[in-house]
Amino acid sequence: MLSWFSKDVEQVLNELQVNQRQGLTDAEAQSRLGTYGENKLKSKPKKSIVALFFSQLKDMLIYVLLGAAVITLLIGEYTDSVIILLVVILNAIIGVFQEFKAEKAIEALQKMTTPRALVRRDGDVVEIDSKDLVPGDIVVLDAGRYIPADLRLIESVNLQIEESALTGESVPSEKDASHVFEDPKTPLGDLANMAFMSTLVTYGRAEGVVVGTGMNTEIGKIAKGLDETQTEMTPLQKRLAELGRTLGYIAIGICALIFVVALIQKRDLFEMFLTAISLAVAAIPEGLPAIVAIVLALGVTRMSRINAIVKRLPAVETLGSVNIICSDKTGTLTQNKMTVLHLYTHREFFDVPDEGTATASKRTQEKLIQTFVLCTDATLVDGESTGDPTEIALLVLGEKYHMPKRELEAGHERVAERPFDSDRKLMSTLNKEGSRYRVHTKGAFDNILKIATYALVDGEKVPLSEQLKADYHRAAEEMSDQALRVLGAAYKDTDEIIEPEDMEKDLILLGLVGMIDPPRLEVKEAIRQAKLAGITPVMITGDHQHTAAAIAMQLGMATSLGQTISGSDIDAMPEEEFKQKIGNYRVFSRVSPEHKVKIVKAFQSHGNIVSMTGDGVNDAPSLKNADIGVAMGITGTDVSKGASDMILTDDNFTTIVSAIKEGRNIYNNIKKSVVFLLSCNLGEIVAILASVLFFWPMPLLPTQILWINLITDTFPAIALGVDPGDKDVMKKKPRDPKESFFAGGAALRAVIGGSLIGILTLVAFYFGLNEHGYQLWSGSIPEKVLTYAETMAFVVLAVSQLFYSLSMRSASHSIFRVGLFSNKYLIGAILLGIVLQFAVISVPFLAAAFHVQMLSLQDWVIVILFALIPLLVNELIKLGMRVRNKQ
C-alpha cells in the first residue's frame, strides 16, 4: 500500500485525477478497469480434472469393486474385469462432471451474491458490482455495508468500522477522514483515515476514494494462496456415506459367508470366486453417490429459478422440517413501496394526493415537510431512488409539495448529523438556516415525544402539555388503526454548530405523517398454504403494535390484538415465562435485534424448526441462531447475506413458502431414489444368495449385475430424483429432522419389493431351464441352456426394476392418481432401459460380452408378465393402505 494515509484529501484526489462531487466518468472507469483488472481476490488454483477423477475413487464401495476387478483378472475372466473397470471409470466420470457442474453453480451463486457498492459516477450515485470498482472511484458508505476495496476516506460522519478481519480487534475502530499520518510505519489499526476491503461499517456514514483493488488491497496480501470456499457434507450425504460403508462391509461379509458355504458344500472355488464377486457387486448401489449429488444440484438450481438461492446444501433438507416462519413485515409481507397518505399538525389532518402535486396550506405544514425531506440520507433524481423506502416516501412527499431535496439542500446545507440507529429509532441533521442553524429530527413518534418539550400550534411555539400530548397520541392511534406507519418530526434553532449528543434535546414538535406499505397481493394465499402445511407464520417488525396487528389480521396471520406483543413487554417478562407463552403470539412489534434472538430461541426451546428472515447488520445473530437464516437479496446488507443459509432475490414471503415446498419435495425425491436403488439391490442379493444356499446354478453373472446397477437402475433413479413432486406435500406436517431415512414404511416397502424382484428372477431362471427339460437341481446343465435361462433371469431382473420405479413415485397414491405420464423423464428412462436391454441381447458382440442370447417371442411375453408383478403387488399394497386409512 502506498502511503495514502500520509496525504491530505486534496492531494489524494489530485493524484487519482478525480473530482469528489462528480466521481469518475463511465469511460474513464472502463479505461481504468482495463489497466487495473477486476476488483476481486484470486483464489488458489482449482483441482485439475485428473485430481478430481482420482478423488472420486476414494470410496469404500469403489474399493470393493476394484478388488473384484483384480480377482476376475487373476482368474482369467478378462471380459468381467474390463466391464467392472469400465463401471468404476464411468462412475468417476459422472462424479467429475457433477463436481464440475457444482463448481460452476457455486461461481454463478457468487456472481449473484457479489457485494454491491454505492459509487459516484458522472455526478450520480449508482449501485454497481464491487468487482467493477477501480482506483479513483468515489464510494459512498453507510452502516451495514462491507468496504468493497481499500479506501482513503475523504468525508466521514460518526464513522465506525469493524476491522477484526484485518487487525483481530473486535471493537469497531473510530474513523476520521480529516486525520493525516506522517509516520509511514503507522500500524493498520491506527489508520483512522483509511477503510480496508472486507471490513464492515457498523455505524455512521462516509465517502472514500478507492486507492487499492483486488490483490493490491491489505486483505489481498493475506488472501494470497488462500481460498475461502469450503464444501460441506449435508446430514443426508453423511447418512448415505454411512450407508455406503455399511453396504461395503455387508458385501465383504457376504463374500466370506459364500466361501464358508462353498467349503461346506465342497463346491468349485473358482466358481465361488465369481459368485462372491456377483454378490459383492449386487450389494453395492454403484450410482448412489452420483445420483444424490445430481438430485441435490438439480433441486438447488430449480430453487434459484423461484428466486431462492441456497448457499448451504444442508438448508435444502432443513427446509423440509421448518414449522415456524419468522418473517419481517416490510418488503417481505408488504410491497416495500412506502407511500405517505396523511399529514397531521395540531388538530388538523391533511390527505396527501395519490398523484399530481399540491401546495402546503399552512406554514407549520410546510415546515413539517421540509424537516422530513432534509432529515434523510436517501436520494431521488428523475424517479430513480436509492436508500431506505421510508425515506424515499418522504422525498416523494417533498416533490409532491414542490420541495425536492436537491433544491432544499442547495439553500440549507447539512453541516452535522446524528445518524439513525435501531436503539434510539431517531435521526437528526443540522442544516444552515440563513445566518443560523436548524436541527431537523425525525423518527418513531413515541421517541420524538420523549425528547420534545414544545409544540408548534398555529405557527406559535407553545409548551408541550399533557393535553397536547394526548391530542398527538389520539392522532397517532387513529392512523395506526388504519395500519399506517406513523413518524414524528421536530426541530429547534441554534446560533452555532452543536455536538450530535445535544441535537435531540428541547425540540419543538411539528407533527406526524402516516404512511403505508401495502401488503403483497400474493402473500395471503401463501400464508393460507403455510398453515395447511403445519407451518406457523409469525411477523416480527420494528413497527407500532397497531400497524403490525392490522396488517397481520389483513393477511390472516393473526386473529386478534391479543396475539401481539411488543419489545417492551418481552423485556418486562421473565425469560422462562416468555418461553412458555411464545406459542400464544403471532406478531412481535417494536422489537430490537436482541429480541429477535430471544424469539428464535424461545420457539426452538419447544423443539420447533425455525426459519428467520432479516436484512440488517443487526439481524446477523438471529439469522445465525435460526435453523434456516433467510436474507433479503434486494434490501439485505452484505452482513445479513453472509450470515444466512438462503437468500431471497425478490424479498418475498411467498418465495419462502415455495422454497419450503421445494425442499420437502427434494428430500422426498432423494428418498424415493435411494429406496428404489436399495430395493433393486436387495432383489439381486436374494436371487444370488438363495442360489448359493440351495446349491442351484448361478442365475446372474457379475457383468450382468453391473449392467443393471449402472444402466437399468441409474436412469430411473435420477428421473425419480427430479419427480414433479407430491401435489399434496403442503397438506402434510413438516418432517421430523430426527426421522429415520426409512421411516413411514419405506424399509418394509424396500424389503417386499426387493424380495419379490429376487424371487421372480429365480422363477424366470427356473422357467428358462424347464423349457429345455432341466431343473434347478439338475447336474451338468449344458452351457447353451444355462445361458438361455440366465438371459430370462437377466431380463426379468432389469425390466421388473424399470416397471417397479413407476410405483415408487408415491408411497400412498396409485400411479394413475400421480399421473402415469406426469414424469416424462421417468417414462423416457424406462423406455431407454428396455431398448438398451434389448440391444444387449440382440447385438452379437454385446450378447457375447454379457453371456446372453436372443429369446423367443413366447419367452418375451413371459418375462414381461413376470416383470409387471412387483409393480402390481406394490399398487395393491397401496390400495390396501388407502382402504384401511379410510376405515
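Is D728 buried or exposed in this predicted model? D728 is buried, as its relative accessible area is 16%. The legends below describe close-up views of the predicted structure.

**Figure 1. Salt bridge between R817 and D728.** The two side chains meet with an N to O distance of 3.3 Å. R817 belongs to helix α30 (residues 815-818), whereas D728 lies in the loop between α27 (714-721) and α28 (746-771), so the bridge ties together parts that are 89 residues apart in sequence.

**Figure 2. Salt bridge between D328 and K596.** This pair belongs to a structure in which 42 salt bridges are found. The N to O distance between D328 and K596 is 3.7 Å. D328 is located in strand β9 (residues 324-328) and K596 in helix α22 (residues 593-604), so the contact ties together parts that are 268 residues apart in sequence. Both partners are shielded by the criterion of under 20% relative accessible area for buried residues: D328 is buried at 11%, and K596 is buried at 6%.

**Figure 3. Salt bridge between D495 and R436.** The side chains meet at 2.7 Å, N to O. D495 occupies the loop between β19 (485-494) and α17 (500-503), and R436 is in strand β16, so parts that are 59 residues apart in sequence are tied together. D495 is exposed, with a relative accessible area of 58%, and R436 is partly exposed, at 37%. Strand β16 (residues 436-444) has the highest confidence in the protein, at a mean pLDDT of 96.

**Figure 4. Aromatic pair of W707 and F850.** The ring centres are 5.3 Å apart and the planes stand at 65°, so the arrangement is edge-to-face. W707 is part of helix α26 (residues 702-712) and F850 lies in the loop between α32 (844-849) and α33 (857-886), so the pair ties together parts that are 143 residues apart in sequence. W707 and F850 are both buried. The structure contains nine aromatic pairs.

**Figure 5. Aromatic pair of Y766 and F767.** The centres of these rings are 6.5 Å apart and their planes are at 85°, so this pair is also edge-to-face. Y766 is partly exposed, with 27% relative accessibility. F767 is partly exposed too, with 34%.

Figure 6. R120 is buried, its relative accessible area being 9%. The side chains of R120 and E207 are joined by a polar contact of 2.8 Å. Beyond residues up to four places away in sequence, R120 touches several residues, including Q20, R21, Q22, I138 and V140.

**Figure 7. Lysines over aromatic rings: K461 with Y454 and K7 with W4.** The charged end of K461 sits over the ring of Y454, 4.3 Å from its centre. K7 lies over the face of W4, at 5.0 Å from the ring centre.

**Figure 8. Linked groups of side chains.** Ring pairs join Y344, F349 and Y472 into a cluster. Salt bridges link E38, K40, K131 and D132 in a network.

Notes
Residues numbered from 1 in each chain as written. Predicted model: local features only at pLDDT ≥ 70, side-chain atom pairs only at ≥ 80, totals over all residues. Heavy atoms only, no water. pLDDT = per-residue confidence, 0-100. Helix = DSSP H or I, 4+ residues; strand = E, 2+ residues; numbered from the N terminus. Phe/Tyr/Trp six-rings, centres within 6.5 Å; stacked < 30°, edge-to-face > 60°. Buried < 20%, exposed > 50% of the residue type's maximum accessible area, 1.4 Å probe, protein only. Lys NZ or Arg CZ within 6 Å of the ring centre and 35° of its normal. Polar contact = N/O pair within 3.5 Å; in protein donor to acceptor, adjacent residues only side chain to side chain. Contact = heavy atoms within 4.5 Å. Salt bridge = Lys/Arg side-chain N within 4 Å of Asp/Glu carboxyl O.
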